[in-house]
Amino acid sequence: MSKTARALVLVAPLVGLTLFAPPAGADSHNDPSRHGHEVLAHLEPIPGSGVHGSGHAEVEFDEKGRIDEFEVAAHGLLADQPHAAHVHFGETARNECPTLMDDTSGDGRLTTTEGAPAYGPVMLSLTTEGDTSPESVLAIDRYDTATEGTINYERDGLFETADGVAEAIADGKGVVVIHGVDYNGSGAYDGEAMSDLNPALPAEATDPAMCGVLEDH
Ligand SMILES: [Cu+2]
């Protein structure tokens, strides 16, 4: 704690101020005061994706630290196509959005795999119904379609997560990634490059489009 902060902590109770919220991450996950705890992400285009737009995501936790509400709103995505969206997290990842420094192939585009050192593997699939585990990573018929390029995703109810995933997200390490781009401007997922995740799909269908880290605000 800085000298100034320490001085303020000492002074604040004296003057009846409640300026200081508990430091993020310092409280226990079982602390009932964490009820309603939420983390937010500002979503920005992935470098090299050709996407122009923005968005945000919001995750709410219940009193036991489980995820019980997830919202994602974004615009500027390829219109009227499904967009897979996930929370990525990895113990050894940088827990951030990738930059063109991660473009190991040097083609000026980031595949999902090239972004992994930044955001890690898929830990939660933001499907509209059914399973939300990494198994649903490309369950494309259960992801939102971007009507006129806009996604408004909202899912209530407890999300099943593997051990440590909800905690990692609550602690600001989860990265929201929306996939699906249109490099050639054709208005559809096509082109000669194939996906690094599924060789039967065009790369455009799975390359990352937007990204943001879920953090306390
Ligand atoms: Cu993903």
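Predicted model: local features only at pLDDT ≥ 70, side-chain atom pairs only at ≥ 80, totals over all residues.

Biologist: What pattern does the chain follow along the sequence?

Modeller: The secondary structure comes to 4 helices and 8 strands. Read along the sequence, these elements follow the pattern α-β-β-β-β-α-β-β-α-β-α-β.

Biologist: Are His-86 and His-88 buried or exposed?

Modeller: For this we need the cut-off: buried means under 20% relative accessible area, and exposed means over 50%. Across the chain, buried residues make up 43% of the 217 residues. As for His-86 and His-88, both are buried.

Biologist: Why does Ala-85 count as buried?

Modeller: Ala-85 is placed in strand E4, residues 85-88. Beyond four places in sequence, Ala-85 touches Leu-124, Ser-125, Leu-126, Tyr-143, Val-177 and Ile-178. Buried means under 20% relative accessible area, and Ala-85 counts as buried because its relative accessibility is 9%.

Biologist: What separates the C-alpha atoms of Ala-85 and Cys-211?

Modeller: Along the chain, Ala-85 and Cys-211 are 126 residues apart. For the chain as a whole, among contacts between residues at least 6 apart in sequence, 67% join residues at least 24 apart. The C-alpha atoms of Ala-85 and Cys-211 are separated by 9.7 Å.

Biologist: What is the volume of the largest cavity?

Modeller: The structure holds 2 cavities of 30 Å³ or more. Val-72, His-83, Ala-85, Leu-126, Tyr-143, Asp-144, Ile-151 and Tyr-153 line the largest cavity. By class, that lining has 6 nonpolar, 1 polar and 1 charged residues. The volume of this cavity is about 50 Å³.

Biologist: And which element gives the most to the lining of the second largest cavity?

Modeller: That cavity holds about 30 Å³ of space, and its lining consists of Glu-58, Glu-60, Glu-69, Phe-70 and Glu-71. Two elements give two or more residues to this lining, strand E2 (54-61) and strand E3 (67-75). By class, the lining residues divide into 1 nonpolar, no polar and 4 charged. With 3 residues, the element that gives the most is E3.

Biologist: Where is the place of Asn-95?

Modeller: Asn-95 is a residue other than glycine with a positive phi, near 55 degrees. Its place is in the loop between E4 and helix H2 (112-119).

Biologist: Is Glu-148 buried or exposed?

Modeller: Glu-148 sits in the loop between strand E5 (122-125) and strand E6 (151-156). Its phi is positive too, near 50 degrees, in a residue other than glycine. Exposed means over 50% relative accessible area, so at 72% relative accessibility Glu-148 counts as exposed.

How values were computed: Residues numbered from 1 in each chain as written. Heavy atoms only, no water. 1 Å grid on protein atoms, 1.4 Å probe; cavity = no way out; pocket = protein on both sides within 12 Å on 5 of 7 lines; lining within 4 Å. Points joined across faces, edges and corners; volume = space filled by probe spheres on them. Nonpolar A, V, L, I, M, F, W, Y, C, P; charged D, E, K, R; others polar. Buried < 20%, exposed > 50% of the residue type's maximum accessible area, 1.4 Å probe, protein only. Contact = heavy atoms within 4.5 Å.
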